[in-house]
Amino acid sequence: MKTSMKSPLINFNILTKIMLVAGMLSALQGCPLLVVGAAGGGALVATDRRTVGTQTVDREIQIKAKLQLSNGLPDEAHLNVAVVHGNVLLTGEVPSDVAKKRAEDIVRGIENVKNVINETAVLPASSFGSRSNDTYLEGRVKTALIAEKAVSANDFKVVSERATIYLMGLVTDQEGAQGALVASQVPGVKQVVKVFRYITPEEARQLSLDTRDSGSAAAPVSDLSGAGTAPAGSVAPAGGAVVTPVPGLAGGAQSSDVQTGAPITDSGGTHSSVLK
């Protein structure tokens with residue numbers, strides 16, 4: 001008596017959705033996810049100032065950019081792609097200036113890309129040891145941001161390339177300055193580059209309210225509008241933001257866990273409303 005084995009039918013629509021969700025989870029660097037229960041199911045939300053829709057678009061840009069760069073550049077190129085609110089940060093190494101411009105042109109041609117910050121260097125591809133150190137530094141910087149009470153670590157995306165830390169996110173001037181200061185004091189960091197999308201304190205409060213109303217547990221943003229006078233012992237960087245020094249990395253760490261602040265520079269930061 002013969003028995004026939006039938007292969008189970010695969011619902012490709014469900015499979016595709018699962019893959020997209022998995023992709024989003026891997027992309028939401030530094031943004032813990034929460035599953036909020038509701039009648040009939042649960043909703044996936046992230047403690048991030050971007051809406052879930054914006055995060056999805058950013059993830060789509062990242063996927064397309066990685067694929068097109070892989071196909072359009074020489075094998076010697078090693079590039080990383082980070083996206084926040086349509087702003088694309090390119091880091092890594094390329095074999096020539098021609099390849100560097102080609103990389104930027106490729107990304108600019110992708111739908112929904114608003115701006116490209118090209119921080120690639122004309123160098124041989126970084127070693128495994130260098131990349132491992134970058135992964136380690138990213139973890140150290142995230143931990144330092146979590147320990148810093150003046151900012152919410154969820155608002156920062158951290159990228160390390162050859163020990164240079166790039167910080168992205170939707171932040172106020174003061175939040176960006178404080179986050180950069182914290183990152184600069186992590187041992188091993190050679191430089192901090194701010195690549196923020198700057199928002200006003202009022203916008204930050206509104207985004208926090210919108211996120212909370214949608215079911216997220218994002219930390220509330222304190223009132224920064226009155227920060228016009230530097231308190232004793234504080235540092236006032238360019239732009240007028242007041243930054244409080246980070247004693248022992250602001251989280252009770254010993255002085256051996258910090259270094260003299262690495263240089264902090266600005267690259268591609270924009271001041272524009274995200275609520276329009």
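What should the 21 residues of helix 2 (residues 52-72) span at 1.5 Å a residue? I get 30 Å, and the end C-alpha atoms are 30 Å apart, which agrees. The expected span is 1.5 Å times one less than the number of residues. Helices here are DSSP runs of H or I with at least four residues, and strands are runs of E with at least two, numbered from the N terminus.

For the record, this is a predicted model: local features need pLDDT of at least 70, side-chain atom pairs count only at pLDDT 80 or more, and totals for chains, interfaces and linings use all residues. Residues are numbered from 1 along each chain as its sequence is written, and side-chain values use heavy atoms, with hydrogens and water left out.

Next I looked up burial: under 20% relative accessible area is buried, over 50% exposed, and in between partly exposed (1.4 Å probe, protein chains only). In helix 2 I found Gln55, Asp58, Arg59, Ile61, Gln62, Ala65 and Leu69 buried. They cover an arc of only 160° around the axis, taken from the directions to the C-beta atoms, so they sit on the same side of helix 2. Leu67 and Asn71, on the other side, are exposed.

Then I turned to the partner helix. Ala65, Gln68, Leu69 and Gly72 in helix 2 meet Arg102, Ala103, Ile106 and Val107 in helix 3, with contact meaning heavy atoms within 4.5 Å.

Last entry: Gly109 lies in the loop between helix 3 (97-108) and strand 5 (115-118). Gly109 is exposed, at 65% relative accessible area. Its C-alpha is 9.4 Å from that of Ala65, 44 residues away in sequence.
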